Amino acid sequence: MGTGSVVIQKIHALLLWLNVFFEYSLIFRGCVAIKNASRTSRLLAAFLDTDGRNYWGGSLIMRFLGAVAGAVFAAAGWAVRVFCAANENSINKKVFDFLVKPRGEDGTGFWGFIAKTIHGCAPVRFAKWFFCEDAGNGAGDSAGNGTAIISLASIFNPKIWYMLFVLGALTVPSFLWNNMLLLASAVFFAGVFALKWVLENDRKKLSFEMISPALVLFVFFCALSIFTGYGGGDSVRVFVIFFACVVHSVIAAIVLKDKKYLQIFFLLAAVALVITALFGFFQLFAGIEIREELTDLGVSPGMSRLYSTMGNPNNDAQAWAMLLPFVLAMAITVKNDTKRLILFGAIALVVGAFALTYSRSGYVALMAGVGVFVLMSAPRLVPIGLIALVFALPFIPSAILERLFTLGQDTSSQYRFLIWEGVRRMLEDFWVQGIGMGPAAFVRIYRSYAHPLAERALHSHNTFFDILVHSGIGALLAFLAYLFRLFKRGISDHVAIADREQKIYIAAGIAALTVFVVFGVGEYVWFHPRVMLVFWVVAGIVSVRRTSDL
């Protein structure tokens, strides 16, 4: 199987054992009974494939949806071709060709003129070298040895647009951001890739591999909670944002399936993280207001917590912690020594900003993510890393250690425990159907169950509690099943693949999911929509079946 880690093999064996355990469970036997009954039921048989083994991929319903989608795209393709034929000699067609078709080599065309104008300037030469597939293990030169990943033609590549939007969204300051951009971008990029499919005239069967039944059930229960809950219009607003992020997950799976685009994403992630970290340092040096709602001033007097474009130190820490494993993976696998040095420098800069957020749950989550990454990519370094961590303790700034040791002692931690007590009482009445998505529903219902010392809260400060509270037990079980599927797929691919680069990329995805899970114990990670976007993009990356030839 080509893996160097006995521990990963044991984890894989444990997942297989859980599958066997599930096969003998009451739930599975109930499913088998329904399956046997479905052979005589026309309605239930629609969920089975032709040989009656699976409930999803080859079922009559999925084949019907595929046929409908194919017919729609075929009709759209015919309409596009008719329109193009009618406008073949029109002025707008000539202008479009002039703008879209770059001819940089012979110097003709609009982009050829632009290329000649900016050719040789330092920023362009550096970008060309940085986004270049390395030709060897040496340091390289400023001109860039290898094949350019991003060129002038990439300006019209929708996959590059998509990555620039996702990572560019993180760099927008909170006072300039509008959450409706998530919906608009989901509709836009879904339309772009659908149109691309039409223009390429691809008649292959549409694949629904990245859309698991657990994910569909999760979205269904979240949508159902709009009607059974108490959030009203606010629940609709939050569900729309949530569903847009799920759509982004599917788009990310399509865009980042190829190894080349995955590398571009890692490099762009490094650039985005550096920009946001520098923005945070700038605000810190300019003077960040000490906010009582973010810090217990009685335990940590005078503490000014760094935050960047998200406007909240915990939200910035969540986004940084989930993306850092991907940058680390690129820094390890890149063949050019100079690039590797730049990427490790970027990681050090972001980790420095991350430390100054003083996010205690972030510290624990990032250490867990890095631990999983090392365990999967270089298990022999685990003992060395533990020893190095012990010897590094005296060199860690005292403010960070003191902040970490206040976990569970300050009012912020105690406030969470009191909120959880109120949430526990809420769940006694709403654990089945939930109260509806969004803070409006939570505030409305929580006040009747709140502890007297914790009457004000917008969420439960626990991602899994919030899913249960907002959308009920069905949503929580479906989401846990979806998470289990992601972890299982990632670990299975990691065990089966021999290619070292692919193993490290998979390890980065599993580490990012680990960060989400650990962070989710003490924070509602999805409260900030852009952090929710980061998670669903990560989920899209992990949901793709990786092979050595990608």
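**Surface, cysteines and confidence**

User: Is L217 buried, partly exposed or exposed, and why?
Analyst: This is a predicted model. The relative accessibility of L217 is 44%. Buried requires under 20% and exposed over 50%, so L217 counts as partly exposed.

User: Which residues form a nonpolar patch on the surface with L217?
Analyst: L217 lies in helix α10, which covers residues 213-228. The patch has about 440 Å² of accessible area together. Along with L217, its members are F220, L224 and F227.

User: Is C222 buried or exposed, and why?
Analyst: The cut-off for buried is under 20% relative accessible area. C222 has 2% relative accessibility, so C222 counts as buried.

User: What is the relative accessible area of C245, and how many disulfides does a search of the whole structure find?
Analyst: C245 is buried, with a relative accessible area of 0%. For disulfides, the search of the whole structure gives a count of zero.

User: Which element of the chain has the lowest mean pLDDT?
Analyst: The chain has a mean pLDDT of 77, and 63% of its residues reach 70 or more. Among its elements, helix α22 (residues 529-543) has the highest mean, 93. The lowest mean, 47, belongs to strand β2 (residues 146-148).

User: How many contacts beyond four places in sequence does the model have for residues 102-106?
Analyst: Over residues 102-106 the pLDDT stays under 50. Where pLDDT is low, the predicted coordinates should not be read in detail. With that caution, the number of such contacts for residues 102-106 is seven.

Technical notes
Residues numbered from 1 in each chain as written. Predicted model: local features only at pLDDT ≥ 70, side-chain atom pairs only at ≥ 80, totals over all residues. Heavy atoms only, no water. Patch = residues over 30% accessible without salt bridge, like charges linked within 9 Å, V, L, I, M, F, W, Y side chains within 5 Å. Areas by Shrake-Rupley, 256 points an atom, 1.4 Å probe, with all protein chains shown as cover. Salt bridge = Lys/Arg side-chain N within 4 Å of Asp/Glu carboxyl O. Helix = DSSP H or I, 4+ residues; strand = E, 2+ residues; numbered from the N terminus. Buried < 20%, exposed > 50% of the residue type's maximum accessible area, 1.4 Å probe, protein only. Disulfide = S-S within 2.5 Å. pLDDT = per-residue confidence, 0-100. Contact = heavy atoms within 4.5 Å.
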